[in-house]
Amino acid sequence: MKKARILLLVFILAHQFTLAQDSLNYVIRFPNARHHEAEIILQLRNVREPSLILRMSQSSPGRYAMHQFAKNIYDISPTGNQKATIKRIAPEAWEVSDIKGSVDIRYTLFANRADGTYSGIDRDFAVLNMPSTLLWPENKLHLPVLVQFDLPDSINWRIATPLSVADSAKKQFTAPNLSYLMDSPCLLGNLKLREFYVAEDSVPRIRMALHTVANDAEIDILVEMAKKALAEQKEVFGEFPAFEDSTYTFLCGYGPGYYDDGMEHRNATMITSNIPLGGNQEWLIGTLSHEFFHVWNMERLRPASLEPFDFTRANISGELWFGEGFTSYYGDLALCRSGVLDTDKYLYTIGSTINYISNAPGWRYGSPVHMSEMATFTDQSSFVDETNFANTFISYYTYGEMIALALDLTLRSSFQDVSLDDYMKALWIKYGKNEKSYTNLDLMHTLGEVCGDKQFAHQFSKSTSLAIPCPTLPDFSKSLDTG
Ligand SMILES: [Zn+2]
């Protein structure tokens, strides 16, 4: 009896504690989809503070520039609480006062750019990337969230998202916290669905949700290509990462209304293109392969400079030459190794990139690390005044891709039975698998361990960064000249 009373008391206290916790719900409606608008209601419950700061994000994970998502929301008002007031205190922030427990914040989102960063709403589909969609309360990124899509019977859209289903009939989804929700895009529409596993593996389950006019046979071609590419990528690291719910989701929008883009997330990717899928699978598989390689390189094997991700500012990183560049190298290499991409076509593509890097004047103005740090100004950043980037900047994507090629060739030719695959696998085991973030110095030390030559690793790192003290600067680019 005594034990039962204690358990009852624990239950009551736990229940009261749960009730006392702040909770967040979002309700998303599309009453004016033809004019690219969504109605969004943020429901704040059991709020203990008398006032809260609400923010629209100014950055989006996977994109490295600053964005002003706040420009596209309006008609913001508190409802369900007559005393609550709201005041804009910064271009991207509002203060809600006199909350006293609960309040709903209603606003309208205008969204007409369907890609991997912004949002797009139209009569027959919606792409929602959460940083460009959600107004969120400051200091509440740790709270669990419920998202409900309130769709009328006249809209028969399917909803694809890496979020967990809470109630399928009510179209409710949950996220363990607001940060996870911000990393979970949604695609809605008359979607075509596929589900498959790679070879004999029972995990992860791969889901593909497509908004396309392509027929089943045309979609099947893409699925078969994806299976081969994913299997080849797994060979590099020896295993797939542990996905939440053991599931990974491709969200793909192909055709009019979509912009060319791909964006990686922890358990999903948003891939968009205005090119129709039918007949263009060989072209479109390139983005798919690149984004999936990110599940290792960037999502879990992650630079310390991007953690914790700050949604209120640009997140600068000097490791993008590795995170994006090496992903670019393996994205295409996996397609070639698996036979999806003909060897001659692969060599033609990589030859073009060698040509670009060899002739680009930008290397005189900064190392790959410095080019990575310029991402804030070059990764879909928007400005009207002219720059001199054509002469002073080299994309860390292509720069890093060529560094990966040069390092792979050098490891294979200068060391016994060592290739870039060994390096990637070592980094995965040391940092990625346990999600311990790394620095450029960590990359150098692991390279030395893999090839057994610390001096080589030091010279290589020196060639990618001027930040590491070294009396001489080796010309690592000669590896490209001979290749
Ligand atoms: Zn990428």
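Five bridges join strand β1 to strand β11 (residues 145-149), and the two run parallel. This is a predicted model, in which local features need pLDDT of at least 70 and side-chain atom pairs count only at pLDDT 80 or more, while totals for chains, interfaces and linings use all residues. Residues are numbered from 1 along each chain as its sequence is written, and side-chain values use heavy atoms, with hydrogens and water left out. Helices (H or I, at least four residues) and strands (E, at least two) are DSSP runs, numbered from the N terminus.

**Strands**

- Strand β1 (residues 23-32) pairs with strand β2 (residues 37-47) in the antiparallel sense, over eight bridges. Two strands count as paired if DSSP finds at least two bridges between them.
- Ser23 has Arg45 as its bridge partner in β2, and Asn25 has Leu146 as its bridge partner in β11.
- The hairpin of β1 and β2 has four residues between the strands, and His36 there takes a positive phi near 65°.
- Ala90 belongs to strand β5 (residues 85-90) and is partly exposed, with a relative accessible area of 22%. Buried means under 20% relative accessible area, exposed over 50%, and partly exposed in between (1.4 Å probe, protein chains only).
- The C-alpha atoms of Ala90 and Ala70 are separated by 10.0 Å, and the two residues are 20 apart along the chain.

**Zinc site**

- The zinc ion has the protein donors His290 (NE2), His294 (NE2) and Glu324 (OE), lying 2.1 Å from it. Donors are N, O and S atoms within 2.8 Å of the metal (3.2 Å for Na, K and Ca); water is not among the atoms, so sites may look incomplete.
- Along the chain, the donors of the zinc ion follow the spacing H-x3-H-x29-E.

**Helix α4**

- Helix α4 has 13 residues and reaches 18 Å from its first C-alpha to its last, close to the 18 Å expected at 1.5 Å a residue. The expected span is 1.5 Å times one less than the number of residues in the helix.
- The buried residues of α4 include Leu284, Leu288, His290 and Phe292.

**Two buried loop residues**

- Asn267 lies in the loop between β19 (261-264) and β20 (268-273) and is buried, with a relative accessible area of 3%.
- The side chains of Asn267 and Glu244 make a polar contact of 2.9 Å. A polar contact is a pair of N or O atoms within 3.5 Å; within protein, one must be able to donate a hydrogen and the other to accept it, and residues adjacent in sequence count only if both atoms are side-chain atoms.
- Leaving aside neighbours within four places in sequence, Asn267 is in contact (heavy atoms within 4.5 Å) with residues including Pro162, Tyr180 and Arg300.
- Thr133 is in the loop between β9 (125-128) and β10 (136-137), and Thr133 is buried at a relative accessible area of 0%.
- The side chain of Thr133 makes a polar contact of 2.8 Å with that of Ser119.

**Cysteines**

- The structure holds zero disulfides (a disulfide is a pair of cysteine sulfur atoms within 2.5 Å).
- Cys186 is in no disulfide, and the nearest cysteine sulfur, that of Cys252, is 15 Å away.
- Cys186 is buried, with a relative accessible area of 0%, and Cys336 is buried, with 16%.
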